[in-house]
Amino acid sequence: MDYIFDTHAHYDDEAFDADREEVLAGLKEQGVGTVVNVGASIASTKTTLALAETHSFMYAAVGVHPNETAELTDADMKWLESLAENPKVVAIGEIGLDYYWDEPEREIQKHWFSAQLEVAKKTGLPVIIHSRDAAKDTLDIMKVEHNGATGGVIHCFSYGVEMAREYLNMGYYIGIGGVLTFKNAKKLIEVAEYAPLDRIVLETDCPYLAPVPNRGKRNFSGNLPYVVEKLAEIKGVSAEEIIRETAKNARALYRITE
């Protein structure tokens with residue numbers, strides 16, 4: 001049996017404080033075999049590492065989300081760099097730009113986005129890119145400062161086919177999750193149709209973005225079969241093929257060989 005690979009989760013989030021171990025213990029029987037938990041701040045990078053080190057099926061991404069960059073220092077970049085030596089660390093992320101909240105100011109976000117791309121290049125790790133309402137600036141920085149250098153994924157892809165083409169041409173993967181099942185997902189459905197299956201990975205972004213029929217509830221990896229079903233319908237293939245191929249892609253993205 002092939003198991004689903006959730007490439008982007010936040011199980012260290014307080015939304016799981018009451019029943020985290022119970023949820024994680026039940027994932028295998030719900031068809032989920034591997035999870036990458038993703039840091040979004042200095043604090044959550046630490047809790048992410050702790051989770052990955054205590055659960056054999058979990059890996060960690062280390063990095064700082066754009067909205068959490070205001071207090072960052074060069075010493076933090078050195079620390080992130082040092083974490084790459086941990087065999088459980090498979091990516092630098094999530095990093096990028098977020099103009100929806102627009103704080104801290106854009107120049108600060110850009111500075112630390114570039115600095116973390118540099119950490120990825122120094123460590124050779126792939127990147128997990130967060131980009132919200134910042135399409136042009138994200139792409140411009142990626143083209144100049146990364147351009148597929150260590151590979152990576154555009155997480156929770158929210159732009160159109162033209163932007164997807166740019167990233168696919170640079171060799172990045174497209175991260176697709178619960179939004180694919182939403183009524184207003186026209187753009188993402190077009191991207192899912194356009195992107196080759198060998199460049200798509202599955203993700204939850206849990207506890208956020210639960211798919212229909214659980215939209216609005218706490219998300220978790222056990223909801224991914226709804227995304228698999230929708231993607232299989234779009235691609236005209238079986239659910240089993242979606243699970244098998246996206247898991248293979250995720251292992252290639254994160255260079256997990258075991």
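Predicted model: local features only at pLDDT ≥ 70, side-chain atom pairs only at ≥ 80, totals over all residues.

Me: How many disulfides does a search of the whole structure find?
Reply: A disulfide is a covalent bond between the sulfur atoms of two cysteines, and here the term stands for a pair of cysteine sulfur atoms within 2.5 Å. The sulfur of Cys156 has its closest cysteine sulfur in Cys206, at 12 Å, which is too far for a bond. Seen from Cys206, the closest cysteine sulfur is that of Cys156, again at 12 Å and too far for a bond. The number of disulfides found in the whole structure is zero.

Me: Which class of accessibility does Cys206 fall into, buried or exposed?
Reply: Buried means under 20% relative accessible area, exposed means over 50%, and partly exposed lies in between, with a 1.4 Å probe and protein chains only. Cys156, at 23% relative accessibility, counts as partly exposed. Cys206 has a relative accessibility of 0%, so this residue counts as buried.

Me: How are the rings of Tyr100 and Trp101 arranged?
Reply: Rings of Phe, Tyr and Trp (its six-membered ring) pair if their centres lie within 6.5 Å, and the pair is stacked with planes under 30 degrees apart, edge-to-face over 60 and tilted for the rest. By this rule there are five aromatic pairs. One of them joins Tyr100 and Trp101, whose ring centres are 4.9 Å apart with planes at 90°, so that the arrangement is edge-to-face.

Me: Which ring has the charged end of Arg199 over it?
Reply: A charge sits over a ring if NZ of Lys or CZ of Arg is within 6 Å of the ring centre and within 35 degrees of the ring normal. Arg106 lies over the face of Tyr99, 3.9 Å from the ring centre. For Arg199, the distance to the ring centre is 4.0 Å, and the ring belongs to Tyr173.

Me: How are helices α8 and α9 oriented towards each other?
Reply: Helices (H or I, at least four residues) and strands (E, at least two) are DSSP runs, numbered from the N terminus, while axes are lines fitted to C-alpha atoms, for helices over the stretch in contact, with angles from 0 to 180 degrees between N-to-C directions. Helix α8 (residues 224–235) packs against helix α9 (residues 239–254) at about 105°, with the axes 8 Å apart. Angles under 35 degrees count as roughly parallel, over 145 as roughly antiparallel, 65 to 115 as roughly perpendicular and the rest as oblique. The two helices, α8 and α9, are therefore roughly perpendicular.

Me: Which residues does Leu224 touch, not counting residues up to four places away in sequence?
Reply: Leu224 belongs to helix α8 and is buried, with a relative accessible area of 1%. Leaving out residues up to four places away in sequence, Leu224 touches Ile4, Asp6, Leu202, Glu203 and Thr204.

Me: Where is Gln116 placed, and is this residue buried or exposed?
Reply: Gln116 has its place in helix α4 (residues 106–123), and its contacts beyond four places in sequence include Gly63, Val64 and Met77. With a relative accessibility of 1%, Gln116 is buried.

Me: What is the omega of the peptide bond from Glu103 to Pro104?
Reply: Most residues other than glycine have a negative phi, and most peptide bonds are trans. The bond joining Val212 and Pro213 is cis, with omega about 15°. Pro104 lies in the loop between β4 (89–98) and α4, and the bond from Glu103 to Pro104 is also cis, with omega near -5°.

Notes. Residues numbered from 1 in each chain as written. Heavy atoms only, no water. Contact = heavy atoms within 4.5 Å.
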